[in-house]
Number of protein chains: 2
Amino acid sequence: MAKEKKVEQITDMETDFAQWYTDICRKAELVEYASVKGFTILRPYGYAIWENMQQIMDGEFKKTGHVNVAMPVLIPESLLKKEGELVNGFAPEVAWVTMGGSEELEERLAFRPTSETMFCDHWSRVLHSYRELPMLYNQWCSVIRWEKTTRPFLRSREFWWQEGHTIHETAEEAQAETEQQLNCYADFFEKTLAIPVVRGRKTEKEKFAGAEATYTVECLMKDHKALQGATSHYFGDKFSRAYDVTFTGRDNKLQYPFQTSWGSTTRMIGAVIMAHGDNNGLVLPPKIAPVQVIIVPVAAHKPGVKEKAEELLAQISALGVRVQADFSDNSMGWKCAQHEMKGVPLRLEIGPRDIENNSCVIVRRDNGEKTAVSLDELDVQIPQLLDAVQQGLYDAAKKSLDEHIFAAGSIEEAKKLQEEHGGFIKTMWCGDEACELKMKEEAGMSSRCIPFHQEKLGETCACCGRPAKHMIYWGIAY
Amino acid sequence: MAKEKKVEQITDMETDFAQWYTDICRKAELVEYASVKGFTILRPYGYAIWENMQQIMDGEFKKTGHVNVAMPVLIPESLLKKEGELVNGFAPEVAWVTMGGSEELEERLAFRPTSETMFCDHWSRVLHSYRELPMLYNQWCSVIRWEKTTRPFLRSREFWWQEGHTIHETAEEAQAETEQQLNCYADFFEKTLAIPVVRGRKTEKEKFAGAEATYTVECLMKDHKALQGATSHYFGDKFSRAYDVTFTGRDNKLQYPFQTSWGSTTRMIGAVIMAHGDNNGLVLPPKIAPVQVIIVPVAAHKPGVKEKAEELLAQISALGVRVQADFSDNSMGWKCAQHEMKGVPLRLEIGPRDIENNSCVIVRRDNGEKTAVSLDELDVQIPQLLDAVQQGLYDAAKKSLDEHIFAAGSIEEAKKLQEEHGGFIKTMWCGDEACELKMKEEAGMSSRCIPFHQEKLGETCACCGRPAKHMIYWGIAY
């Protein structure tokens, strides 16, 4: 029995958004399931997107003085338990190594769910003086959290991420770092992933286990559900004290440094799929697309076509654009469907008639627009069209976000708006966790963030009627 | 009690090579021990060296069509056991995850010691046709092998590496890939790490568990012990059959692909330390040095010195050279010792008198040579001096290698040469494992490789006197 690879249709997003999402993950060859339940494989195309993301983020981190390190992946249970809140937050999700070779270990070791404990333990040994501060560290690695239900990119037992960990001489410096890194994420989402975000602070209920404050960038997907994009945490000196991290200060006395951490994960690939994808598949922002331009020769068997396509390949590649040509013997229809499925921003078609006219046709993936472009203008037009796709994706996502933020004065109203339109529902809030629980129970929404940009929608909490402290965003979250 | 950081002396390599090595690892701030026994932390400076290595190797892999992926870190025991030889080779060293959260797992999961099994399992699901071959995959990750005794970089329970895994339509293509990647490693060692290597094949006894053939690049350290640099394996279709990886061939029948794997690790940093280091610390080849040029202002408090140093910093940085300036208030002696310890290839000293003369002094780390360089010639001289250091390191290591390869006709002679000079001892060999065991027992040497470049030293095996099949290299290995 011969095995052959087929092009298959994906489910429409209007019919079943969850299935549409999973279909894209697999048909665009981003991920595949592994033999271990809840684990996924990042395939070459998915990993290439991640590599492009990493390269851009890593460059930004380094510009502000951050350096990369590698911490051990296993954490002794006793070390993990030194800070009570953190371990309580993560213990139910930890994978434990209990055997090394044929020997039972004396103390079981946690596969890192996050590495605050390891960084603190390290700093407790290497930090001496205020002169060495700040220490601005980051690591790229995978972590494990033993989730019960999983979905590719969004919730996976193992996921790939970067975790930044820093210590500072003063609380103010650490707070400024927390903010700086949140803004770094916001810029990355908006300028690189073309996804507009809402910046804000998490409530006490939703903040990171052990943090004094957690900041977040929140975005909306095409089904108008909310997705937490990336987070940045301020710890004060809580972990420093728990792990005995000290330094000699300017006053020649021992002090505790102030700490931050901040993380972003492969879940951002999920965000890109759900923020930009359509019923023909993935739509990639040019800045992270592994292939930015695909050249598809028309009637490639005719004299001169293949040669011209190869010439254009070299020419466009010389612009620093990631370009490929599809010389396979598949049909024109198959090729177009395939490269659309993979979200390639621009498709360049070149055939005998185009060559005669010294032109080609360029098709934009984001809106289907076709442009006849003179071959003499390619060097100018290709970068411009890539910019146009990048901007077009952002503009469409921004319009959708702006149209899906609704103000409500009561839980009932909030619930009705969510049911009718989805999106973020903004209300005033007293700051009490009981009201968060009530909103969750009655309207099915969790608090997303207390936006930095506050509006005064009224005087009283939409949930309990008592005096309001903040405006807050609610949503149904991934 | 105030904590202050001090510059400390390291042990001389002639006094205690092992201690000298460990001293450099820690005093140059490359690694630090972790709370988990046998695990190490790659500190910023050590990790920056690894990042430079990664970037160069990854670029080379991609030039020949390889793509990166990410496979799950945990492997179900049943999957690991499908190929008997591999699991027998690695089982004693596997770390096992037996609990997820508070639940005991039904099947224990191995922290990957190597990922052949995961790649095969994945390919068994995604490979269809010969048109999709070859699949040329690589991943950068960490692995765990539960070693009993550990040393930084050389033998650590967790280490960082790349593992390439490929499948091909024919045996010939897979063999060519195995060779190509071995040559890629050899080039990397010689051109980037400035370490000359001997290329060859491992004996049956020393080959990778489950491989049909293992190829290796072997090098010599400054104590004249041997170090296995990197290896490349040919598997035939053994794993394909064990994991049922099939494709429809050109003849429309199901076939098994042919497989390779190849790996290199952070142990290469250990090789650099021991191939180039001296009693003042680390000596780094410029191509992988995180800082290639350190500017040290002399009498920086005098007018114009700091400004000039900053000007040179900008000028040299614009050449694409990794340059830093040390404006700390440490003494000149402390600074020089510190940057020597860290192996910075060039130190540029600039003081008031230099500025008057429109010149500076550049000191080479590898041989201590000082050159007065006109500031007008910096743009030419800096790249030239960096090339000179790179070449100088290679030449010195090559000379030492050439002077430490000795031919022997008997075990006794081999033993005597090893005891007197160290290095590689070459002999003729019958190909029998019994003779390898005898050489190990009587002369304390293991077989390093059967070099590609064969010489006919005689007719008979140096160990047993029977007819010889190969010339083989012996050594005391790390």
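Analyst: Directly after α2(B), G65(B) has a positive phi of about 85 degrees. Helices are DSSP runs of H or I with at least four residues, strands are runs of E with at least two, and both are numbered from the N terminus. This is a predicted model, in which local features need pLDDT of at least 70 and side-chain atom pairs count only at pLDDT 80 or more, while totals for chains, interfaces and linings use all residues. Residues are numbered from 1 along each chain as its sequence is written, and chains are lettered from A and ligands numbered from 1 in the order in which they are written.

Helix α2 of chain B covers residues 44–63. The expected span of a helix is 1.5 Å times one less than its number of residues. The 20 residues of α2(B) should therefore span 28 Å, and its end C-alpha atoms are 28 Å apart, which agrees. Buried residues of α2(B) include W50(B), M53(B), M57(B) and F61(B). A residue is buried if 20 or more other C-beta atoms, placed from the backbone, lie within 10 Å of its own, exposed at 12 or fewer, and partly exposed in between.

Further along chain B, strand β5(B) pairs antiparallel with β6(B), residues 103–111, over four bridges. Two strands pair if DSSP finds at least two bridges between them. M99(B) faces E104(B) in β6(B). The two strands form a hairpin with two residues between them, and G101(B) in the turn has a positive phi of about 65 degrees.

W96(A) has M99(B) as its bridge partner, and G100(A) has A95(B).

The contact between the chains takes 52 residues from chain B and 52 residues from chain A. Two residues are in contact if their C-beta atoms, placed from the backbone, lie within 7 Å. On the side of chain B that touches chain A, β5(B) gives the most, with six residues. That side has 30 nonpolar, 12 polar and 10 charged residues. Here Ala, Val, Leu, Ile, Met, Phe, Trp, Tyr, Cys and Pro count as nonpolar, Asp, Glu, Lys and Arg as charged, and the others, Gly among them, as polar.

Chain B superposes on chain A by a rotation of 180 degrees with 0.0 Å of shift along its axis, at RMSD 0.0 Å. The two copies are thus related as by a two-fold rotation axis.

β18(A), residues 359–364, pairs antiparallel with β19(A) over five bridges, and the bridge partner of I362(A) in β19(A) is T371(A).

Note on methods:
Least-squares fit on C-alpha atoms with pLDDT ≥ 70 in both.
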